[in-house]
Amino acid sequence: MDQFTINLLFVGASFALYIGIAVWARAGSTSEFYAAGRGVHPVTNGMATAADWMSAASFISMAGLIAFTGYDNSTFLMGWTGGYVLLALLLAPYLRKFGKFTVSEFIGDRFYSKTARLVAVICLIVASTTYVIGQMTGVGVAFGRFLEVSNTAGLLIGACVVFAYAVFGGMKGVTYTQVAQYVVLILAYTIPAIFISLQLTGNPIPGLGLFGTHEASGEPLLAKLDQIVTELGFNEYTSHHGDTFNMVLFTLSLMIGTAGLPHVIMRFFTVPKVSDARWSAGWALVFIALLYITAPAVGAMARLNITEMFWPDGTDQAAVSVETIESAPEYDWMLTWQKTGLLDWEDKNGDGLIQYYNDGSEAMAAMAAANGWAGNELTKFNRDILVLANPEIANLPGWVIGLVAAGGLAAALSTAAGLLLAISSAVSHDLMKGQLTPNISEKGELLSARIAMAVAIVVATYLGLNPPGFAAQTVALAFGLAAASIFPALMMGIFSTRINNHGAVAGMVAGLLVTLIYIFLHKGWFFIPGTNSFTDADPLLGTIKSTSFGAIGAAINFTVAYTVSSLTKELPAEIRQLVESVRVPRGAAAAQADH
Amino acid sequence: MSDDKNNAYWSANLRIIMWSLAVWALVSFGFGILLRPVLSGIAVGGTDLGFWFAQQGSIIVFLALIFNYAWRMNKLDCEHGVDEQ
């Protein structure tokens, strides 16, 4: 069986499974559509949350980011998991106790303000829409590479599948497909990693292999990697090179942003009890950690494998020849990926060999001159292909490659569905029922939720086909908005009895505007190229990059909210009671019955 | 239920949160980043302890913190009679 057929089988089987779940899990009420009837087991919800959270960025990009930067990009590992501690301790149990359907609904009720609810809805829709574009383009790319159809056709197939289970099943359909998608994506991620770890270190657990011994040389794997990359003029893998303050701030921004993303928070509305919400956050992190503890091993091992492919006899011997790349079967993956334009090489000095080294390093200049090298000849290596090409690089069987194709699609589709659900519930529950048509019937609201979902899918598909030039930068925007506006508002709503309607609105707007302006100053106004006054290489404030600004936006939000609240009227008694009731678990089931 | 009893429950909760967040910050921002140079003498598999905390250790501690919080809070709910029936 050829590779194409294998890929088709794996992707086809996984899609058939998702459709099957869609037919089984149809939502019959708004409670089922928004919160899966609040009957999801905490472990099941943990698994669904893990798939909801781990996007194309976690699955495809993260290991590549770590592989080519090393220690400095540990920020993603700590930031994207540390947020769950904040979520579990500061938000999830209380929001579950509150017992409503959307994040903006809590903000609107707690701050007794339609304006606050509207600001929250706007943040939610902007953050989720920008986030979903990346997922949709990811679906198109994965299809294009593995199934040899055009990006457009791939994206349309993906959109139809999401349509089937998200429009009819709502949160109920999405929850159970996410569970299936989690299983597909974690197998797809860990199986190749286990093979590679065995090949390099003899240890079947990649997370342990990373700190184990490189069998070929007898040295520790990371020491070997440090040695080989520094010999080629690259930064030492395990040491710190960037700015420490920015690293701390970026990690903190990722943590706060993670805890404030509405599509993740709303998953905790689906469990039956407050105590389940607490357990469920732990289970979510267990399932996330399985991937996140494997990712740095995948990154380091791939970096070592790739470097050794170009210097098969060591860095002091001859590099790999063009002839070998074009004829030897273990280099087939390079030819495959060259076709996609994401990987390329060029024999600049015409010696028939491909020298891969850091031609930006001064120390290498003398060596290059002595050896007659004319610059780095691995001219293009897109970091995103690392995970997808990994099984081919390690020469693994064809079924593993098929599994990785299905896994990449599962990661992108599960996150897309979660985001679309957040958008559609904000539109139908917060905008329609909350503001425009408060007297809408249950049936009418369910219908409008489905229509909103269908429209959101069409818009996301359009944006995925025609991604605005800024698509890559907007994930930073989504995290910035979540960190600067949503997380502080939710936290103050629970932990403070002093913050009132005026304080909350002023805080959210201030945090939001300052963060947005800081991002625009560095990335261009509305992301239009050339309109930026600063760059992240030389930021406005010291070493603070625009991607790290979310934490400062949050601090501004807190400060403004406290100041304005202390100058204005105290909370009304009934809101004080609402805060008191959110703080104790008893009565969560009653809150559910009200609906 | 009296307000005093609720206050005792809430301040016990806040204490657990404070301690948990202190550990949360210590392992990630502390051991993983700021204190890494101080810990560089402790070797772990070809590198040092700070690198391990940044890429693996902090995640494991985060997990322990969340499960510890869930277990202690669910117990605290019962002790203060505010658990769900």
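Helix α4(A) is largely enclosed by the rest of the structure, because 12 of its 14 residues are buried. Buried here means that 20 or more other C-beta atoms lie within 10 Å of the residue's own, while 12 or fewer makes a residue exposed and anything in between partly exposed, with C-beta atoms placed from the backbone. Helices (H or I, at least four residues) and strands (E, at least two) are DSSP runs, numbered from the N terminus.

A quick word on the model: it is predicted, so local features need pLDDT of at least 70 and side-chain atom pairs count only at pLDDT 80 or more, whereas totals for chains, interfaces and linings use all residues. Residues are numbered from 1 along each chain as its sequence is written, and chains are lettered from A and ligands numbered from 1 in the order in which they are written.

Back to α4(A). Its buried residues include Phe59(A), Ile60(A), Met62(A) and Ile66(A). Met62(A) is also where α4(A) bends, by about 40°; the bend is the angle between axes fitted to the seven residues ending at a position and the seven starting there. Just past the helix, Gly70(A) has a positive phi of about 85°.

Helix α5(A) is the next one to look at. With 24 of its 25 residues buried, it is largely enclosed by the rest of the structure.

| Helix | Residues | End-to-end C-alpha distance | Expected span |
|---|---|---|---|
| α5(A) | 74–98 | 35 Å | 36 Å |

Zooming out, chain A holds 24 helices and 4 strands. Its radius of gyration is 25 Å, close to the 25 Å that the globule rule gives for 595 residues, so chain A is as compact as a globular protein of that length. That radius is taken over C-alpha atoms, and the rule is 2.2 Å times the number of residues to the power 0.38. The C-alpha trace spans about 80 × 55 × 40 Å along the principal axes of chain A, and 57% of the 595 residues count as buried.

Chain B has 2 helices and 2 strands, running α-β-β-α from the N terminus. A compact globule of 85 residues would have a radius of gyration near 12 Å, but chain B has 18 Å. Its C-alpha atoms fill a box of roughly 55 × 20 × 15 Å along the principal axes, and 38% of the 85 residues of chain B are buried.

How do the chains meet? In all, 37 residues of chain B are in contact with 43 residues of chain A, contact meaning C-beta atoms, placed from the backbone, within 7 Å. On the chain B side, α1 (3–34) and α2 (49–79) each supply at least two residues, and α2(B) gives the most, with 17. That side divides into 22 nonpolar, 11 polar and 4 charged residues; Ala, Val, Leu, Ile, Met, Phe, Trp, Tyr, Cys and Pro count as nonpolar, Asp, Glu, Lys and Arg as charged, and the others, Gly among them, as polar.

Ile66(B) touches Tyr84(A), Val85(A) and Ala88(A), among others.

Definitions and conventions
Two residues are in contact if their C-beta atoms, placed from the backbone, lie within 7 Å. The expected span of a helix is 1.5 Å times one less than its number of residues. Lists of a residue's contacts leave out its neighbours within four places in sequence.
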